[in-house]
Amino acid sequence: MIKTTVYLPEDLEVRLDAQSSATGISKAELIRRGIALLLDDAERPKRSRKLPAFDSGRPLSPEAMDDAFYEHIKDRAARR
């Protein structure tokens with residue numbers, strides 16, 4: 001582990017002390033768990049766009065669907 005210093009407002013320190021005493025979990029462990037929760041939520045991909053839909057009026061074979069999907073990805077990458 002790497003040691004890190006964190007400055008907390010007094011009210012958070014009081015709440016952290018109380019939680020640590022109530023649960024028997026060290027303050028350091030509570031802080032690690034809180035950071036892990038925050039980062040786990042942040043790692044979830046944000047879907048800003050819907051996945052492309054392919055509607056040709058007839059079903060596509062898996063190979064044709066793959067080709068259309070990869071073509072769409074290639075077109076998007078070219079626009080960036």
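Predicted model: local features only at pLDDT ≥ 70, side-chain atom pairs only at ≥ 80, totals over all residues.

Student: How many helices and strands are there in the protein?
Tutor: There are 3 helices and 0 strands, and along the sequence they read α-α-α. Helices (H or I, at least four residues) and strands (E, at least two) are DSSP runs, numbered from the N terminus.

Student: Okay. What percentage of the residues is buried?
Tutor: Buried residues are 4% of the 80 residues. Buried means under 20% relative accessible area, exposed over 50%, and partly exposed in between (1.4 Å probe, protein chains only).

Student: Which residues make the nonpolar surface patch?
Tutor: V6, L8, L12, I31, I35, L38 and L39 make a patch of about 580 Å². Helix 2 (residues 27-42) brings the largest share, 4 residues. Patch residues have over 30% relative accessible area and no salt bridge; nonpolar side chains (Val, Leu, Ile, Met, Phe, Trp, Tyr) are joined within 5 Å, like charges within 9 Å.

Student: Where does L12 sit, and why does L12 count as partly exposed?
Tutor: L12 is in helix 1 (residues 10-23). L12 counts as partly exposed because its relative accessibility is 36%.

Student: New topic: pockets. How much space lies in the largest pocket?
Tutor: About 420 Å³. The pocket has 15 lining residues, with T4, V6, A28, I31 and R32 nearest its centre. Helix 2 gives the most to that lining, 7 residues.

Student: What counts as a pocket, though?
Tutor: On a 1 Å grid over the protein atoms alone, a pocket is an open set of points where a 1.4 Å probe fits, with protein on both sides within 12 Å along at least five of seven lines; lining residues have an atom within 4 Å of a point. The volume is the space filled by probe spheres set on the points, which are joined across faces, edges and corners.

Student: And the second largest pocket, which residues line it?
Tutor: V6, L8, L12, R15, L16, Q19, L30, I31 and G34. Helix 1 gives the most here, with 4 residues. That pocket holds about 220 Å³.

Student: How many salt bridges are there?
Tutor: The count is 5, where a salt bridge is a side-chain nitrogen of Lys or Arg within 4 Å of a carboxyl oxygen of Asp or Glu. One joins K27 and E13 at 2.6 Å, N to O. That pair links distant parts of the chain, K27 in helix 2 and E13 in helix 1, 14 residues apart.

Student: Which residues are linked with E13 in a network?
Tutor: D17 and K27; the three form a network of salt bridges.

Student: What about E29, which salt bridge does it form with R33?
Tutor: The closest N and O atoms of E29 and R33 are 3.0 Å apart. They are 4 residues apart in helix 2, so about one helical turn separates them. E29 also meets R32 in a salt bridge, at 3.1 Å, N to O.

Definitions and conventions
Residues numbered from 1 in each chain as written. Heavy atoms only, no water. Areas by Shrake-Rupley, 256 points an atom, 1.4 Å probe, with all protein chains shown as cover.
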